[in-house]
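Please read the points with the structure open beside you.

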Amino acid sequence: MSSETKQILTTDGIPLEVSLKKAERKNKIKAFLLVAPLLLFLIITYVFPIGDMLFRSVDDKMVTQMLPKTFKAMENWDGQELPDEEVFAAFHEDFIKLVENKREGKLSTQLNYTKNGFKSIIKKLRRKSKSFEEGNYKEQIMSVHKRWADVEYWRAIQRRAPEFTGQKYLKGMDMYVNEEGKIVSVEEDRRIHRVLWLRTLEIAFFVTVFCFLMAYPIAHLLATLPMKYSNLLMICVLLPFWTSLLVRTASWMILLQQQGIVNDFFVGIGLVADDNRPEMMYNKTGSYVAMTQILLPFMVLPLYSVMKTISPSLMRAGKSLGGTPFVAFWKVYFPLTIPGIGAGCLLVFILAIGYYITPALVGGASGTLISNQIAFHMKSTLDWSFASAMGLMLLSGVLVIYWLYNKIVGIDNIKLG
Amino acid sequence: MALKKDFVKFDKVDKSYDGKVLVVKDLQLDIEEGEFVTMLGPSGSGKTTCLMMLAGFETPTNGEIYLDGKAISSIPPHKRGIGMVFQNYALFPHMTVYENLAFPLRVRKIPKDEADKKIDKALSMVSLQGFASRMPGQLSGGQQQRVAVARSLVFDPQLVLMDEPLGALDKNLRESMQYEIKHIHENIGVTVVYVTHDQSEALTMSNRIAVFNDGKVQQLSSPDELYEKPVNSFVAEFIGENNTFVGEVSDISGGKCKVKIANTDILANPISVKGKGEKTKISLRPERALINPSDKMDNIHSGKIEEVIYHGDHTRVRINLLGNNQFILKVPNSSANLDIKLGKDIKIGWNSEDARALDPS
């Protein structure tokens, strides 16, 4: 088969591949230039921030740089008993430098993340260190406060030596590295994050289920009604899309509050007593109701676009072949809508899992999600590295769901329109 | 066992979608068992609506449809046991060919080994053995069509409905499928009701053809009768090619009538004219008019050749005859001695019984 191995030439004698590449080059450049703005935009707004977030979540250089000499001196310390004079002297030297630059406050905040109780003893050390004499720093520092003589606190300092740390991730799972260097869970009454993760998954899951149950009939109706009615219905579905998210959430607050319209109606028809109005807001119910309504279009649209392509004659065929309407629906129609169901559920679940504004406004204490916790650390505690770590955990959770979906249903099966 | 004359019976069926316009008017139609009946008509003539009423997807506004003696208006489609082939095949795209064919058997709870035999038989009937594990998307249009036919027959229905099943195929395939469906019908003897707007399809395949127009059956008869003896001018014009003359009856006697056209009288066969002075439209098939007529023909006129179009096996000649410049003649190409030239005057003749004087509309 020499003809297969032989290079094919064009009429002018140029190898075919070269000629083809040349002919295609212009198109390729054009295509690249067309996507270049988007590519650049994605790199700037997506790749770069996520990379930064990843870095921030494990970055622990701050303390490393604040106490360089201390950590150098600690290299020889076995961590069993109190460190010797060399470490204390190095720590004193680093500390004086920090005080000169007025950065000892930051150090106390950072060390306090690792172990509670550093704040006050560093404040005290700063006051006392002004009158320290040269030499024998161990004695002088230990005399400032009894905690400075506690080996636990020195171990806590030592734990901050590495430039990178995964402890923010552990903290996100309510775990930490204890004194022996083992990963353990925090005490049961302090495990707030696990509850939040579970609640986030639970709310996202049920919101997806509710959206699916409500959107399926609507989408079917949209796809089968005559044009003039379906257009009207489509506008009804899309109308919330064109309204501000905040306005919609606020209107749910008006509807759901204890003196609100829904409660008034329940009392009016005698379903509940006036003095026993149920709380439908500032709890999970509020989050469920508002999020389901807000995310509904994201389920309706992919379902609609898939159902629109299913020929009505398929259902007729199913019936004419002897299938009851239910069998025709279940065996013929439903399997054909699976790509739309997959797309809609994935979309709603992923949006719900990171939902922020609505739970913050109507969720109360029991209806807030992990994203509210992330926002809390971004704005209030300013522990950005922890916020980044939780953000990344959320992102990887979404990626895991995406991967699972791909394994089970197949991502090429998805259809958004 | 005698075949039932009225296996399917439409009895005074009316259908309206909006309460204002009747799409089917007073339909009266009997279909014999084992017959291949085609409903033929232009789009919007009500033929598909009739089929859908028979299948159970539309309900008659008035009247009743009987299948094998039973009124079926109140029976839902899935209990009627009617096979159906849809316009775009309506194969289930997520099932293999085998699963598509197994669907009607499975819902009837037929045991698997028996079902497999039936499926094999149905597939061999449409010569698609070995295609059982393919998905419909991997088949060509013609193969999909055959699967659809096999699926409509696999559960041995008494009646099969076909709704323009060949509409989406190209011309050659359509023709070969016409013969194939015809042969399947002849072999298994099932009753078929076929809907099409393609008259050649209807003529090729059917035992009888019901020509629909304006919600009514214009004529129900065998293909040859429909072509040779149309009862009104709609049928005459809808089926096959047709030359027409519009005129006024000047005399009726002895099974012939004289019709005055452009100051000339021509002899015609009075079909729907009764007396003098009536307006009429005369219909004459192109192949019934001859060039160089023999003297036996009772209509001989001369006209001028306006156009000559070569068609391979025959030549179409357009002639200006008696004020009608759309008069078409089909001249077989074997008669090469004929002298057909543009602008020439020639003599044309036909027998008066082939010129049917119909209603003027």
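1. One definition comes before the points on single residues. A:L382 has 11 C-beta neighbours inside 10 Å, so A:L382 counts as exposed. Please keep in mind that this is a predicted model.

2. Stay with A:L382 for its backbone. A:L382 sits in the loop between α19 (370-379) and α20 (384-408) of chain A. The phi of A:L382 is positive, about 60°, although A:L382 is not a glycine. Most residues other than glycine have a negative phi. I would look at this loop on screen.

3. Where is A:K102 found? A:K102 is in the loop between α5 and α6 (104-114) of chain A. Is A:K102 buried or exposed? With 9 C-beta neighbours inside 10 Å, A:K102 counts as exposed.

4. Helix α5 (residues 85-100) and helix α7 (residues 118-129) of chain A have axes that come within 11 Å and cross at roughly 90°. Angles of 65 to 115 degrees count as roughly perpendicular, and α5(A) and α7(A) are therefore roughly perpendicular to each other. On the α5(A) side the contact is made by A:F95, A:I96 and A:V99. On the α7(A) side it is made by A:L125, A:R126 and A:S129. By class, the contact of α5(A) with α7(A) has four nonpolar residues, one polar and one charged.

5. The axes of helix α16 (residues 312-320) and helix α17 (residues 325-353) of chain A come within 9 Å. They cross at roughly 130°. α16(A) and α17(A) are therefore oblique to each other. The crossing of α16(A) past α17(A) is right-handed. From α16(A), the residues A:L314, A:M315, A:G318 and A:K319 take part. They meet A:P325, A:A328, A:K331, A:V332 and A:Y333 of α17(A). The contact of α16(A) with α17(A) divides into six nonpolar residues, one polar and two charged.

6. Now the contact between the chains. It takes 15 residues from chain A and 19 residues from chain B. Which elements of chain A give two or more residues to the side that touches chain B? They are α16 and α17 of chain A. The largest share of that side, six residues, comes from α16(A). By class, the side of chain A that touches chain B has seven nonpolar, six polar and two charged residues. So, for chain A, the helix pair of point 5 should be read together with this contact, since α16 and α17 each give two or more residues here.

7. On the domains of chain A: the assignment gives domain 1 (2-58), domain 2 (61-163) and domain 3 (192-413). The C-alpha centres of domain 1 and domain 3 of chain A lie 39 Å apart. Their contact takes four residues from domain 1 of chain A and six residues from domain 3 of chain A. The domain 1 side of this contact has two nonpolar residues, one polar and one charged.

8. One residue of helix α11 is worth a look. A:F205 is found in helix α11 (residues 192-224) of chain A. With 14 C-beta neighbours inside 10 Å, A:F205 counts as partly exposed. A:F205 and A:R194 are 11 residues apart in sequence. In space they are 16 Å apart, C-alpha to C-alpha.

9. Chain B, in outline. Its secondary structure comes to eight helices and 20 strands. The C-alpha atoms of chain B fill a box of roughly 75 × 45 × 40 Å, taken along the principal axes. Chain B has 361 residues, of which 40% count as buried. Take the contacts in chain B between residues at least 6 apart in sequence: 66% of them join residues at least 24 apart.

10. Last, the domains of chain B. The assignment gives domain 1 (8-235) and domain 2 (241-358). Their C-alpha centres lie 38 Å apart. Four residues of domain 1 of chain B are in contact with six residues of domain 2 of chain B. The domain 1 side of chain B has two nonpolar residues, two polar and no charged.

Technical notes:
Residues are numbered from 1 along each chain as its sequence is written. Chains are lettered from A and ligands numbered from 1 in the order in which they are written. This is a predicted model: local features need pLDDT of at least 70, side-chain atom pairs count only at pLDDT 80 or more; totals for chains, interfaces and linings use all residues. Domain bounds come from an automatic or database domain assignment. Two residues are in contact if their C-beta atoms, placed from the backbone, lie within 7 Å. Ala, Val, Leu, Ile, Met, Phe, Trp, Tyr, Cys and Pro count as nonpolar, Asp, Glu, Lys and Arg as charged, and the others, Gly among them, as polar. Axes are lines fitted to C-alpha atoms, for helices over the stretch in contact, and angles run from 0 to 180 degrees between N-to-C directions. Helices (H or I, at least four residues) and strands (E, at least two) are DSSP runs, numbered from the N terminus. Angles under 35 degrees count as roughly parallel, over 145 as roughly antiparallel, 65 to 115 as roughly perpendicular and the rest as oblique. A crossing is left-handed if the near helix is turned anticlockwise from the far one by less than a right angle, and right-handed if clockwise. A residue is buried if 20 or more other C-beta atoms lie within 10 Å of its own, exposed if 12 or fewer, and partly exposed in between; C-beta atoms are placed from the backbone.
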